[in-house]
Amino acid sequence: MQGGDVKRGKMQKLQQWLAENEEQLAQSTPDGVEYLGTYVNIYDSDRQAGAVKTFLRLDSYGAQDKLAATHGTVFGKLLEEMIEFMDFDSDNWSQALYKRMTDATLWGDA
C-alpha cells in the first residue's frame, strides 16, 4: 500500500483519470502483481497517512523487483501519469507491506 495527498484542486481530475485508466492499469501489472484499486480515505485515524491509497497484491517479495522494472512499460507509464496528481510537498505519506497473518512466521507469544 502506498498513500499520499493529491495536489490541491486535482482530486476530481484524479478521479476522472482513474475512471478512464484504472482497467488498463490493472491489466498491465507485471506477473505476480495485482492492482487492487486506488481508494480515497473516508475515515482514517492516522492524520499523516495521506488522503488517497493505492493497493497492490504481490505474490512474493520478489514481485517488488518486477515492479521496479516497469519503467517504460504500459504499467510504468500509467503510474507516472498517476503520480503527477500527487502532492510531494505534503508531509502526509504512508507505505506499508502486509503479509497474511496465516502465512506469517511468528516467533514466541508476544
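Which residues make up the largest nonpolar core? I looked this up before anything else. The core holds 12 residues in all: Val6, Leu14, Trp17, Leu18, Leu25, Tyr35, Val52, Phe75, Leu78, Met82, Phe85 and Met86. I took a nonpolar core as a set of buried Ala, Val, Leu, Ile, Met, Phe, Trp, Tyr and Cys residues joined through side-chain atoms within 4.5 Å. Buried means under 20% relative accessible area, exposed over 50%, and partly exposed in between (1.4 Å probe, protein chains only). Two elements give two or more residues to this core: helix 1 (11-27) and helix 3 (74-83). Helix 1 gives the most, with 4 residues. In soluble globular proteins, nonpolar side chains tend to be buried together.

Ground rules. This is a predicted model, in which local features need pLDDT of at least 70 and side-chain atom pairs count only at pLDDT 80 or more, while totals for chains, interfaces and linings use all residues. Residues are numbered from 1 along each chain as its sequence is written, and side-chain values use heavy atoms, with hydrogens and water left out.

Confidence. I checked pLDDT, the predictor's confidence in each residue, from 0 to 100. The protein chain has a mean of 92, and 99% of its residues reach 70 or more. Among the elements, helix 1 has the highest mean pLDDT (97), and strand 4 (residues 93-95) the lowest (89).

Layout. I counted 3 helices and 4 strands in the protein chain. Helices (H or I, at least four residues) and strands (E, at least two) are DSSP runs, numbered from the N terminus. From that end, the order is β-α-β-β-α-α-β. The C-alpha trace spans about 50 × 35 × 20 Å along its principal axes. Of the 110 residues, 29% count as buried. I then turned to contacts, meaning heavy atoms within 4.5 Å. Of those with a separation of 6 or more, 68% join residues 24 or more positions apart.

What does Leu14 touch, not counting residues up to four places away in sequence? I found Val6, Val52, Met82 and Phe85.

I noted about 1,200 Å³ of space in the largest pocket. A pocket here is an open set of points on a 1 Å grid over the protein atoms alone, where a 1.4 Å probe fits, with protein on both sides within 12 Å along at least five of seven lines; lining residues have an atom within 4 Å of a point. Points are joined across faces, edges and corners, and the volume is the space filled by probe spheres set on them. The lining has 39 residues, and the closest to the pocket centre are Met1, Leu56, Leu58, Leu67 and Ala96. The elements that give two or more residues to the lining include strand 1 (2-4), strand 2 (33-40), strand 3 (52-58) and helix 2 (63-68). By class, I listed 22 nonpolar, 11 polar and 6 charged lining residues. Ala, Val, Leu, Ile, Met, Phe, Trp, Tyr, Cys and Pro count as nonpolar, Asp, Glu, Lys and Arg as charged, and the others, Gly among them, as polar.

Thr29. Thr29 sits in the loop between helix 1 and strand 2. Is Thr29 buried or exposed? I have Thr29 as buried, because its relative accessible area is 16%. Leaving aside neighbours within four places in sequence, Thr29 contacts Glu34, Tyr35 and Phe75. Thr29 and Val74 are 45 residues apart in sequence and 8.5 Å apart in space, C-alpha to C-alpha.

Ser60. The loop between strand 3 and helix 2 holds Ser60. Ser60 is at 37% relative accessibility, so I logged this residue as partly exposed.

Asp44. I placed Asp44 in the loop between strand 2 and strand 3. Asp44 is partly exposed, with a relative accessible area of 31%. Asp44 touches Ala49 and Lys53, not counting residues up to four places away in sequence.

Glu81. Glu81 lies in helix 3. I have Glu81 as partly exposed at 28% relative accessible area.
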